Amino acid sequence: MRVSHIISPGTMAGAENVVLQGCSALLARGHELSLIVMLEERCPQYGRTFMEEARKRDIPVLALPVRGRVDLRAVLELRASLKAQAPEVVHAHGYKALIYALLGRVKHMPLVVTHHGETAHSRSVRLYEALARGLYLRVDRVFSVSEATTESLVEAGVRRAKLRTVPNPVSLQAASSDELERERSGDPLLFVGRLSEEKGLDVFLRAFASPRTPKHLKLNVAGDGPCADEWKALSSSLGLDDRVRWLGRRDDVPSLLAKAQALVLPSHREGLPLVVLEAASCEVPVLASRVGGVPGAVWEGENAVLVPPGSVEAWSNLLEELPELGRTLRDGARRRGAEIRARHAPDRWAELTAEHYQGLAG
């Protein structure tokens, strides 16, 4: 069937990679697909980078230049494009793409939106995210990335009949057997993600500086964002300059995971973070906050340890116990890796998504 996806991308992070993997999987199953990428005037580099990644995967892309908050010319261009493509389903990703899809879609054209999660990292973003939840009343289906996210949307007033749980796809494989067999206790911990308030890295840094945390533990931080300077200054003030490495934004997450003792994700809020699936798929233990879809994506006590969000004390306790937990977590991560890869295979995502599309088109 014919589908048009619409996204206003930010930095290459979880939602952006999910869209690329999902579109590739749909194409591989024989569906016709176009990916409409909003190029916002204030930060066009995000859209251009995303389009480059899409083209590398042979995904048909169309640029939609957008000027200002609501660009009527862009709305008309989007409508003309949708009329020409005549997709059987339009699929929006994120609140900005949803607004334009609602304004620009052709009458009777089914509209799906994926709720990738909420960051709430500023007043304006919180306002737009609340607006998006209100606009879900006007779409035909809302895809959420985890059962926990589905339930949170029901509590927020979204009708359950519109909701479908479609877990994120992941395509990473485990490291080589030699890499997996070697002792990882001397390897650094790894954080991967946007350096913004909802990720809670400041909480982890305070725990990492605790006198109870083994001093041989190191941390690599891969990512960038609005809190980068603040958190680097905090790290220095806590005396962590020789134990924390700030890597900036990286495109080699698989190689970073292959050299990591465990992934850490101290988030305050999450949907279903792709990096958790990537770590579990690569058979790397996960240390994370018990938020969103994280508990359903891992096996607590086997390949993961989860703590309450925002608790420096809980993270300090975990870090103190980590040397004793290491072998158990590594063994559990190896046992569960194949199950994660099967459960979140891109082809499985595409199959489930296409079934929901067919229900709307039919």
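The axes of helix H1 and helix H2 (residues 44–56) cross at roughly 30° and come within 10 Å. Axes are lines fitted to C-alpha atoms, for helices over the stretch in contact, with angles running from 0 to 180 degrees between N-to-C directions. Helices are DSSP runs (H or I, at least four residues) numbered from the N terminus. H1 and H2 are therefore roughly parallel to each other (angles under 35 degrees; 65 to 115 counts as roughly perpendicular).

The model is predicted: local features need pLDDT of at least 70, and side-chain atom pairs count only at pLDDT 80 or more, while totals for chains, interfaces and linings use all residues. Residues are numbered from 1 along each chain as its sequence is written, and side-chain values use heavy atoms, with hydrogens and water left out.

Helix H1 (residues 14–28) also packs with helix H14 (residues 346–361), at an angle of about 75° and with axes 8 Å apart. H1 and H14 are therefore roughly perpendicular to each other. Contact means heavy atoms within 4.5 Å.

| Pair | H1 residues in contact | Partner residues in contact |
|---|---|---|
| H1 and H14 | Gln-21, Gly-22, Ala-25, Leu-26 | Pro-346, Asp-347, Trp-349, Ala-350, Tyr-357 |
| H1 and H2 | Glu-16, Val-19, Leu-20 | Phe-50, Glu-53, Ala-54 |

Notes. Helices (H or I, at least four residues) and strands (E, at least two) are DSSP runs, numbered from the N terminus. Angles under 35 degrees count as roughly parallel, over 145 as roughly antiparallel, 65 to 115 as roughly perpendicular and the rest as oblique.
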